[in-house]
Amino acid sequence: MIGLEGKSVIVTGGASGIGMGIVKVLSSAGASTLIADRNFQGVKDISDSLKGTHVPCKADVTNLSDVEEMVSLALETFGKVDILVNNAGIIGASEWWDREIPNDDDWDQVHSVNVRGVARVTQAVSPHMKEMKYGKVVNIASIAGRRGSPDLPHYSTTKAAVISLTQSSALELAEFGINVNAICPGLLWTPMWEAIARRRTHSSRISSNDESGREFFERVVQETIPLKREQTPEDIGNLCAFLVSDLSSNITGQAINVDGGRFSN
Ligand SMILES: NC(=O)c1ccc[n+]([C@@H]2O[C@H](COP(=O)([O-])OP(=O)(O)OC[C@H]3O[C@@H](n4cnc5c(N)ncnc54)[C@H](O)[C@@H]3O)[C@@H](O)[C@H]2O)c1
């Protein structure tokens, strides 16, 4: 069992899905967490429901003053930030699933949250980590960043960018003792994948009869994942716990898939 006692963590997008799973795993390893999200009620509910020390924070990663206030709140509460998990992400602008082809809002908003958001939050936290000469940053990318996608070009490009940004940040921050790595999750049944399933009727490549969204998801898992299992938020949290622990102190600039064997890189 990895021990993170005494460590303080910021997790963005912690109100749902993968972010919530990461909070649960890191917290059960002993870390104190600041759970940030643009959905404040969501983070409040989660922090109330978990044991341990959790601080809910309303922060939109596209908004610089929100991000600065989030970092200040973490420093006031914990005195330091050892670990940052850049997890907040979207797959399209509102009602994205009703459009056959992503529009300008989809492209702009997805890049603003998934790429600029990661860079903005890392930039806000890193001066403090540099001072400590210690820090662990984990960026949540995706297997969508490993291969192009005919249906999600606006999203895949952001996740390829997150992998590249991870390499750049790792090189920039290495001399300060800060490790920066990325996780590429495979297929998880979260609100994000529910939106993908809603959109399936627009794609002749992937739609089939009148199966439900969940049945469609399970079929994609069976057809594309060698281990024939969907991934869970805890799967992603477990790798995250390793990457933010001192067991991985010689690993930086890497992107690691948690995808049941779908891709080898
Ligand atoms: N679900 C999957 O299959 C899958 C696969 C690979 C990668 N991912 C990535 O994992 C991460 C989490 O996805 P998820 O599936 O848990 O999705 P989700 O929609 O369940 O959760 C995303 C969370 O991010 C928050 N968020 C969105 N925009 C924000 C912003 N601007 N500022 C702050 N918070 C914001 C949302 O409120 C939500 O709580 C994303 O980066 C996503 O791209 C998901």
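Which residues does Lys-159 touch, not counting residues up to four places away in sequence?

1. In this predicted model, Lys-159 touches Asn-114, Ile-140, Ala-141, Ser-142, Ala-144 and Gly-145, with residues up to four places away in sequence left out of the list. Lys-159 itself is found in helix α5, which covers residues 153–173.

2. The charge of Lys-159 deserves a remark. Lys-159 is buried but has no salt bridge. Asp-37 is the nearest side chain of opposite charge, and it is 13 Å away. A salt bridge would require a side-chain nitrogen of Lys or Arg within 4 Å of a carboxyl oxygen of Asp or Glu.

3. Attention may now turn to the aromatic rings. A search of the whole structure finds three aromatic pairs. In one of them, the ring centres of Trp-193 and Phe-216 are 5.7 Å apart and the planes meet at 45 degrees, so this pair is tilted. The pair links distant parts of the chain, since Trp-193 belongs to helix α6 (residues 191–198) and Phe-216 to helix α7 (residues 213–224), 23 residues apart.

4. Trp-193 also pairs with Phe-217: the ring centres are 4.9 Å apart and the planes are at 70 degrees, so the arrangement is edge-to-face. This pair, too, links helix α6 with helix α7, its members being 24 residues apart.

5. Trp-193 has a relative accessible area of 10% and is therefore buried. Phe-217, at 0% relative accessibility, also counts as buried, and Phe-216 is buried as well. Ring pairs link Trp-189, Trp-193, Phe-216 and Phe-217 into a cluster.

6. Finally, a charged residue meets a ring elsewhere: Arg-147 lies over the face of Phe-263, at 4.2 Å from the ring centre.

Methods. Residues are numbered from 1 along each chain as its sequence is written. This is a predicted model: local features need pLDDT of at least 70, side-chain atom pairs count only at pLDDT 80 or more; totals for chains, interfaces and linings use all residues. Side-chain values use heavy atoms; hydrogens and water are left out. Helices (H or I, at least four residues) and strands (E, at least two) are DSSP runs, numbered from the N terminus. Buried means under 20% relative accessible area, exposed over 50%, partly exposed in between (1.4 Å probe, protein chains only). Lys and Arg count as positive and Asp and Glu as negative; His and the chain ends are not counted. Contact means heavy atoms within 4.5 Å. Rings of Phe, Tyr and Trp (its six-membered ring) pair if their centres lie within 6.5 Å; planes under 30 degrees apart count as stacked, over 60 as edge-to-face and the rest as tilted. A charge sits over a ring if NZ of Lys or CZ of Arg is within 6 Å of the ring centre and within 35 degrees of the ring normal.
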